[in-house]
Amino acid sequence: MEKKEDVILSRQCELQIRAIKDTMELLSGKWKMQIIGTLLRHGTMRFMELKRTLNGIAPKKLSKDLHELEMNKLITRTVKNTKPITVEYSITEHGRTLDGLIGEIIDWGLTHRQTIIG
């Protein structure tokens, strides 16, 4: 027979696993975390600035990922009334909540590289 504590822990575990799944689905792939990290560290950027900074990303992929991040309220897209039209991307307040996670990923990546390469 299950104890009440086991059911609560199981439900809590379910919620935590769902949170991991939701986060990974949103931020998965090679580029999204790099896009967020770049905007967090460099501030507002235009499309071509992002493309140059994220060496190797295809324009179509950058556009798709930016759109998904915008739909999830992590970045904003601002169209400037200039000739030619300028489009700028920046982190939202909600997106800024990822700063600690990005910092941890940076720290872990630096330590991991040092561990592997020596």
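This briefing covers a helix pair, a sheet and a pocket. The model is predicted: local features need pLDDT of at least 70, side-chain atom pairs count only at pLDDT 80 or more, and totals for chains, interfaces and linings use all residues. Residues are numbered from 1 along each chain as its sequence is written, and side-chain values use heavy atoms, without hydrogens and water.

**Helix pair**
- Helix α2 (residues 32–42) and helix α4 (residues 59–71) pack at about 70°, with axes 10 Å apart.
- The two are therefore roughly perpendicular (angles of 65 to 115 degrees).
- Lys-32, Ile-35 and Ile-36 of α2 meet Leu-62, Asp-65, Leu-66, Glu-68 and Leu-69 of α4 (contact means heavy atoms within 4.5 Å).
- These residues divide into five nonpolar, no polar and three charged.

**Sheet**
- Three strands form an open antiparallel sheet, ordered β1-β3-β2 (strands are DSSP E runs of at least two residues, helices H or I runs of at least four; pairing takes at least two bridges).
- β1 (45–46) and β2 (75–80) stand at the edges with a single partner strand each, so one side of each lacks a neighbour in the sheet.
- Arg-46 has Glu-88 of β3 as its bridge partner.
- α2 packs on the sheet, touching β1, β2 and β3.

**Largest pocket**
- The largest pocket holds about 230 Å³ of space.
- Its lining includes Thr-23, Met-24, Lys-30, Gln-34 and Ile-105 (lining residues have an atom within 4 Å of a pocket point).
- α1 gives the largest share of the lining, three residues.
- By class, the lining has five nonpolar, four polar and one charged residues.

Methods
Axes fitted to C-alpha atoms, helices over the stretch in contact; angles between N-to-C directions. Parallel < 35°, antiparallel > 145°, perpendicular 65-115°, else oblique. Nonpolar A, V, L, I, M, F, W, Y, C, P; charged D, E, K, R; others polar. 1 Å grid on protein atoms, 1.4 Å probe; cavity = no way out; pocket = protein on both sides within 12 Å on 5 of 7 lines; lining within 4 Å. Points joined across faces, edges and corners; volume = space filled by probe spheres on them.
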